[in-house]
Amino acid sequence: MIYTVTLNPSVDYIVEVEQFELGSLNRTVADTKFPGGKGINVSRVMKRLSVESNALGFIGGFTGKFVEDFLNLEKIPSNFVKVSGDTRINIKLKTEVESEINGLGPNISDGQLTEFFEIFQKMTKEDIVVLAGSIPGTLPSSIYKEIIAVCKEKEIKVVADVSGEALKEVITEKPYLIKPNHHELGELFNTEIQSVEEALIYGKKLVEQGVKHVIVSLAEKGALLITENNSYVANVPKGKVLNSVGAGDSVVGGFISAISKSYTIEEAFKIGVAAGSATAFSMELCTKEKIEELLPYIEVNRVEGEER
Ligand SMILES: Nc1ncnc2c1ncn2[C@@H]1O[C@H](COP(=O)(O)OP(=O)(O)O)[C@@H](O)[C@H]1O
Ligand SMILES: O=P(O)(O)OC[C@H]1O[C@](O)(COP(=O)(O)O)[C@@H](O)[C@@H]1O
């Protein structure tokens with residue numbers, strides 16, 4: 001079973017405003033709500049590709065109920081620990097540019113954390129754990145390291161889509177896959193990454209540190225997959241971006257789905273990139289049909305002289 005861990009789920013409130021004015025009353029031209037949080041998006045994308053997963057994490061309040069009901073409707077199994085505060089609402093403001101306000105998340109008690117760790121007891125080495133998204137304020141910043149320690153004991157593969165300090169911590173544990181975007185990769189090395197060539201230099205450093213697969217996404221500029229033996233570059237298809245929320249999570253969901261169906265690493269990368277773009281070109285997360293429509297427009301090439 002693939003388990004996705006979203007420590008800090010959300011209701012993503014997507015609001016479209018024409019000519020947004022700071023300090024004035026603005027009215028929406030359209031608004032929608034979706035369950036969010038990176039692991040939850042990964043589970044939802046995998047479901048669309050017929051790959052089962054179980055969504056874990058902490059949820060609470062009326063917003064938590066919204067998330068759980070939505071997953072139930074989509075027939076995605078979940079096993080969330082219930083907390084008393086409300087699951088956060090993340091605002092995704094669409095004007096001429098996209099702006100986001102992500103909430104802190106509810107309090108989580110020691111007892112609730114223990115309950116969460118108990119779920120890992122029944123996992124086995126055939127399982128995969130996807131750790132994705134930010135850590136709620138009341139959990140220790142070492143939480144991902146603690147989860148990975150439990151997974152290591154059971155020889156479970158760990159995928160991590162996290163950023164900032166959490167990403168630094170996770171890298172030292174040599175996960176199976178990480179997927180930073182170029183900003184997150186740059187932040188790790190205190191630099192700004194503008195191109196695929198620059199991303200390759202820094203991505204390789206992470207593989208040298210023991211990460212098995214590194215996917216670096218660079219939005220419309222393409223994506224890279226770096227492994228111990230090879231590096232691959234993919235272009236992304238051209239299209240109108242409707243809502244890029246969840247595009248990165250879709251890359252992870254697409255890639256893991258394909259790996260779990262025993263596709264080659266190159267094919268899995270291609271499907272991941274197609275899923276990312278399919279989400280960017282949709283109001284909601286990608287569909288299988290949209291992914292299939294985009295696949296012929298994506299080329300994956302081994303970076304010259306990269307066989308190591
Ligand atoms: N403007 C775009 N055009 C085409 N594809 C895009 C665009 N923006 C994002 N994507 C797709 O979404 C993926 C993830 O986007 P990115 O912005 O790099 O990550 P994140 O959502 O994690 O910040 C990209 O690899 C690409 O497949
Ligand atoms: O946990 P974080 O880092 O605050 O991110 C949560 C947000 O990320 C998302 O999962 C989207 O992530 P991406 O756009 O990076 O794929 C939203 O659904 C959610 O609001």
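Trainee: In β13, which residue is the bridge partner of Leu224?

Mentor: Val233 in β13 is the bridge partner of Leu224. Before we go on, keep in mind that this is a predicted model: local features need pLDDT of at least 70, side-chain atom pairs count only at pLDDT 80 or more, and totals for chains, interfaces and linings use all residues, while side-chain values use heavy atoms, with hydrogens and water left out. Residues are numbered from 1 along each chain as its sequence is written, and chains are lettered from A and ligands numbered from 1 in the order in which they are written.

Trainee: Okay. How many bridges are there between β12 and β13, and in which sense do they pair?

Mentor: Four bridges, in the antiparallel sense, with β13 covering residues 231–234. A hairpin of three residues joins β12 to β13. By "pair" I mean that DSSP finds at least two bridges between the strands. Strands themselves are DSSP runs of E with at least two residues, helices are runs of H or I with at least four, and both are numbered from the N terminus.

Trainee: And what does β12 do on the β11 side?

Mentor: β12 (residues 223–227) runs antiparallel to β11, with five bridges between them.

Trainee: What about β10, parallel or antiparallel to β11?

Mentor: Parallel, with two bridges between β10 (residues 177–178) and β11. Ile178 stands opposite Val214 there.

Trainee: Is β11 buried or exposed?

Mentor: Five of its five residues (213–217) are buried, so β11 is largely enclosed by the rest of the structure. Buried means under 20% relative accessible area, exposed means over 50%, and partly exposed is in between, with a 1.4 Å probe and protein chains only.

Trainee: Which β11 residues sit on which side?

Mentor: His213, Ile215 and Ser217 are on one side, Val214 and Val216 on the other, and all are buried. In a regular strand the side chains alternate between the two faces of the sheet. β12 has five of five residues buried too, so that strand is also largely enclosed. Ala223, Leu225 and Thr227 point one way from β12, and Leu224 and Ile226 the other way.

Trainee: Switching to ligands. Which residues are closest to ligand 1?

Mentor: The closest are Asn181, Ser217, Ala219, Gly248 and Ser277, out of 17 residues that surround ligand 1. A residue counts as near if one of its heavy atoms lies within 4 Å.

Trainee: How many residues surround ligand 2?

Mentor: 18, and the closest are Asp12, Lys38, Asn90, Ser134 and Asp249. A backbone N or O atom of Ser134 lies 2.8 Å from an oxygen atom of ligand 2, and a polar side-chain atom of Asn41 lies 3.0 Å from an oxygen atom of that ligand. For Gly37, a backbone N or O atom lies 3.2 Å from a ligand 2 oxygen. Taken alone, ligand 2 exposes 480 Å², and the protein buries 85% of that.

Trainee: You listed Asp12. What is its bridge partner in β3?

Mentor: Phe34 is the partner of Asp12. Eight bridges join β2 (residues 10–17) to β3, and the two strands run antiparallel.

Trainee: Which strands make up that open sheet, and in what order?

Mentor: Four strands, in the order β3-β2-β6-β7, with mixed pairing. β3 (28–36) and β7 (98–101) are at the edges with a single partner strand each, so one side of each has no neighbour in the sheet.

Trainee: Last one: is Ser282 buried or exposed?

Mentor: Ser282 is buried, at 14% relative accessible area. Ser282 is in the loop between α9 (265–280) and α10 (288–294). Leaving out residues up to four places away in sequence, Ser282 touches Leu242, Asn243 and Lys290, where contact means heavy atoms within 4.5 Å.

Technical notes
Polar contact = N/O pair within 3.5 Å; in protein donor to acceptor, adjacent residues only side chain to side chain. Areas by Shrake-Rupley, 256 points an atom, 1.4 Å probe, with all protein chains shown as cover.
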